Each structure stands twice: as structure tokens, then as C-alpha cells.
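This report describes a protein chain from its coordinates.

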Amino acid sequence: MELKPTMLQERVATLDILRGISLLGILLVNMFAFYLPMPYIDLASWFTTPSDMVWQQNLDIYVQSSVYPLFAMLFGYGLAMQWQKAQSREQNFYEIGLRRLSVLFVFGLIHAVLIWWGDILMMYAFCGIFLLLLLRLHPIWLLSIGILINGVMQVFMLFIVGYINFNTKIDEYLDITSVEQAITAYGTGSWVDAFMQRLTDLSVQAGIGMWFVALFTILPFMLIGAAASKWRLVERAKELKWLWLALAIAGLAVGILIKSLPIMFTRTYLLDYLKVYIGGPILAVGYTGLIVLLCLLPAVSKLLSPFAKMGRMSLTMYILQSIIGTCLFYQFGFGWYGKVSVATGVLIAVSIIIVQMIVAEIWLAKWQQGPLEALWRKLTYKANAKVG
């Protein structure tokens with residue numbers, strides 16, 4: 001039997017809206033890495049002007065460390081949906097799934113080497129292979145394994161934090177030599193200078209240890225998303241509205257509280273750990289619950305449709321964000337590297353999202369998929385490929 005891609009009429013609008021809103025969050029977070037030497041500084045202590053500090057703190061609470069868990073859950077949800085459709089048609093998804101993830105990895109590698117060092121696609125493809133091996137499990141097992149893997153990391157991290165001393169104030173990290181090299185390469189250098197610096201930054205972003213860490217920080221949320229997909233939690237949102245309401249209220253309240261602790265009190269290793277690894281994912285669940293509930297209202301769902309169209313082109317939009325960001329901030333473009341405030345960075349991010357909404361509207365009026373999505377599909381679903 002021939003395995004076919006998801007058709008337009010089979011898409012779930014709420015999932016596309018979630019992906020589109022996630023793209024906004026991703027850009028707000030990535031914006032720092034576009035115009036600052038992010039691998040070599042402590043962002044929380046980098047800014048000195050009051051307005052920059054306030055803007056950075058708010059982004060730290062409401063966006064940072066909450067976007068990647070949300071997008072990882074959406075990735076797991078989508079992959080599990082594809083697996084279930086293949087099962088319902090008595091088709092073997094593993095061959096096509098592996099090919100799909102391999103193509104995504106190549107996209108990520110090209111993105112990281114030629115455009116921007118902060119790529120996440122390679123890590124998602126890598127973790128996706130482990131998810132693929134577990135997809136046939138019952139959703140309760142997917143959920144349990146995800147929680148177990150994340151729990152192992154939590155115990156290990158708490159041990160490390162405890163060894164350092166829970167109440168020790170965080171030392172401000174700054175690699176001044178690497179900072180100066182990045183500023184020179186990106187801020188005043190040529191494309192070749194930026195390319196060489198990008199390879200250096202990529203060696204930090206995609207170091208051996210980061211691949212191992214991804215299995216404990218990204219894969220668990222993919223597994224949780226896959227479990228939710230098998231339970232059809234988004235498709236059954238109206239039926240399960242009280243569950244989503246509880247997740248929204250608890251996730252927002254607890255997540256924001258935990259993520260605010262380092263700002264409300266003296267910033268310590270323990271509070272920073274809780275903010276990133278506990279508060280971040282909890283707030284991601286809260287955001288998901290809120291958006292799913294809002295999408296039950298037809299008027300709101302229609303209002304959020306521009307995000308849905310962005311979500312349908314999420315791969316194209318993610319890469320496009322990097323292209324625009326590097327062109328704006330690097331010397332071979334507008335040369336704004338290190339020259340904008342946090343508020344200006346947010347304004348630029350929102351402006352880019354608005355432009356992307358317009359682009360998505362125009363593109364999808366003529367085609368059903370974004371250009372990279374179409375290429376991904378072509379490379380994945382080879383002509384006349386027979387599986388199963």
C-alpha cells in the first residue's frame with residue numbers, strides 16, 4: 001500500500017494555531033541569539049539599563065524555557081498522528097518515518113552551517129528516532145516513560161545543584177574572549193567571518209553533551225505529546241474541556257510563580273534550576289490548555305487563523321526567521337548586531353511575525369503547503385514508494 005501525507009482536510013486547526021503561536025515564542029527567544037553572543041554570556045546579568053532588565057525578565061518568565069517543551073510536545077503529537085493514520089490503513093510507518101526524520105536532520109544541518117548556529121531541527125530529528133521506536137506503545141506507557149526519563153534528569157540535576165549548594169548565588173558567566181570574537185565576526189566581519197564564527201558557536205550548541213542532554217530535556221515532552229495524540233486530547237477538547245481548564249489554570253498559575261522566583265528573591269542555582277526545568281514545562285502546559293480552550297470558541301479560532309496558516313508552514317517560517325534575523329543583525333546585512341535594546345528586539349520579532357502572517361496568507365491562497373514543507377514531502381514520500 002502507498003503511504004500518503006496528511007491531506008489538508010485532515011489537519012487539526014488547533015494544532016496549527018499552537019504551532020503558529022509557538023513560532024512567535026521561538027522568535028522572541030531566538031532574537032537574543034541573533035544580536036548577542038549568547039553562548040558566552042549569562043543573559044540574566046548581561047543588561048544594565050533598567051528598561052532592558054525589565055523586558056528581559058518578563059521574557060524570561062513568560063517565554064524562555066516554555067517554548068521548547070511546547071514545540072516538542074507538538075512534534076510528538078504530530079508524529080503520533082501520522083503513525084496512527086498509517087496503522088488505520090494497515091501501513092508500515094517506520095520506513096517513511098525514519099526517512100522523514102532523516103530529511104529533517106539534513107534541513108537542520110544546512111540551516112545550522114549556512115544560516116544560523118542555533119538550529120533545533122537536528123536535535124528534534126535525533127530525538128524523533130527514539131520516539132519512533134516507542135510509538136507502538138500504549139499511551140499510558142508513553143506518558144510514563146516520558147515522566148520517568150524527565151524524572152531521572154530532575155534527580156540528577158538536583159544532585160548537582162545540591163552539590164554546588166542550593167542557596168549559592170549564581171556567579172555571572174562571561175567568556176570575554178569569545179564575546180569579543182563573536183561581536184567582531186558578526187558585527188563587523190564579512191560573510192566568511194560570520195561563517196567561521198557560526199561553526200565555532202555550533203560546536204557549542206551541538207556539542208556531544210548536548211545530544212545526550214536532549215534525550216532528557218526534549219524526548220520526554222515528545223513522548224508526552226505522543227501520548228496526548230493517541231488519547232486525541234486536542235480533537236476531543238470540547239468533551240475534555242474541564243481537563244483542559246484544570247491544566248490551563250494550574251499550569252499558568254504554578255508555572256508563572258515558579259519562573260518568577262529568581263526575580264522575586266535572590267537568584268540562586270536552585271531557583272534558576274526550578275525556573276528552567278520545572279516552571280518552564282509547567283507553563284508550557286498552561287499555555288497549551290489556554291489556547292486549546294480559546295480555540296473552542298469559533299470567533300477566537302477565526303481570529304487566530306493567521307497563526308494557523310503560519311503553523312501550516314512552520315518549517316518554512318522557522319528557517320525564514322533565521323534568514324531575516326541574520327540579514328538584519330549581521331554586518332553583511334543591516335549590521336544591527338549588539339546595537340538594539342530588548343524592547344526593540346521584541347518589536348522587530350513582532351514585526352517579522354506580522355510579515356510572516358501576510359506571506360503565509362498569500363502563499364497558501366495558491367498552494368496547500370509551504371515551499372520547504374513541499375520539498376520535505378517530496379523527499380519523504382518518494383514517487384510510487386510502497387511500504388507495508
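The sections below take these topics in turn.

The model is predicted.

**Annotated region**

According to UniProt, in an unreviewed entry, the feature "domain: DUF418" lies at residues 230-382. Over residues 230-382 the chain is 75% helix and 0% strand.

**Helix α17**

Helix α17 covers residues 342-364. With 23 residues at 1.5 Å a residue, α17 should span 33 Å, and the 32 Å between its end C-alpha atoms agrees with that value. The buried residues of α17 are Val342, Gly345, Val346, Ile348, Ala349, Ile352, Ile353, Gln356, Met357, Ala360 and Leu364. These buried residues pack against α1 (13-35), α3 (50-62), α15 (305-312) and α16 (314-329).

Helix α16 holds isoleucine 319. Isoleucine 319 has 10% relative accessibility and therefore counts as buried, the cut-off being under 20%. Leaving aside residues up to four places away in sequence, isoleucine 319 touches His111, Ile115, Leu121 and Leu372. Isoleucine 319 and leucine 243 are 76 residues apart in sequence, and their C-alpha atoms are 35 Å apart in space.

**Nonpolar surface patch**

Val106, Ile110, Leu114, Trp191, Val192, Met196, Leu199 and Phe332 make a nonpolar surface patch of about 710 Å². Two or more residues of the patch come from each of α5 (93-114) and α9 (191-205). The largest share, four residues, is given by α9.

Isoleucine 110 is found in helix α5 and, at 45% relative accessibility, counts as partly exposed. Methionine 196 is in helix α9 and, at 47% relative accessibility, also counts as partly exposed. Methionine 196 lies 60 residues from arginine 136 in sequence and 43 Å from it in space, C-alpha to C-alpha.

**Salt bridges**

The whole structure contains eight salt bridges. Among them are the pairs in the table.

| Pair | Closest N and O atoms |
|---|---|
| Arginine 99 and glutamate 95 | 3.0 Å |
| Arginine 267 and aspartate 272 | 3.1 Å |
| Aspartate 272 and lysine 275 | 3.5 Å |

Why are arginine 99 and glutamate 95 separated by about one helical turn? The two residues are four residues apart in helix α5, so about one turn lies between them. Arginine 99 is buried, with a relative accessible area of 16%, whereas glutamate 95 counts as partly exposed at 41% relative accessibility.

Aspartate 272 takes part in a salt bridge with arginine 267 and in another with lysine 275. Both arginine 267 and aspartate 272 are buried. Aspartate 272 and lysine 275 are three residues apart in helix α13 (residues 269-294), so they too are separated by about one helical turn. The relative accessible area of aspartate 272 is 15%, and lysine 275 counts as buried at 6% relative accessibility. Through shared partners, salt bridges join Asp42, Asp60, Arg267, Asp272 and Lys275 into one network.

How values were computed. Residues numbered from 1 in each chain as written. Predicted model: local features only at pLDDT ≥ 70, side-chain atom pairs only at ≥ 80, totals over all residues. Heavy atoms only, no water. UniProt positions renumbered as here; feature names shortened; annotations may be inferred. Patch = residues over 30% accessible without salt bridge, like charges linked within 9 Å, V, L, I, M, F, W, Y side chains within 5 Å. Areas by Shrake-Rupley, 256 points an atom, 1.4 Å probe, with all protein chains shown as cover. Salt bridge = Lys/Arg side-chain N within 4 Å of Asp/Glu carboxyl O. Buried < 20%, exposed > 50% of the residue type's maximum accessible area, 1.4 Å probe, protein only. Expected span 1.5 Å × (residues − 1). Contact = heavy atoms within 4.5 Å.
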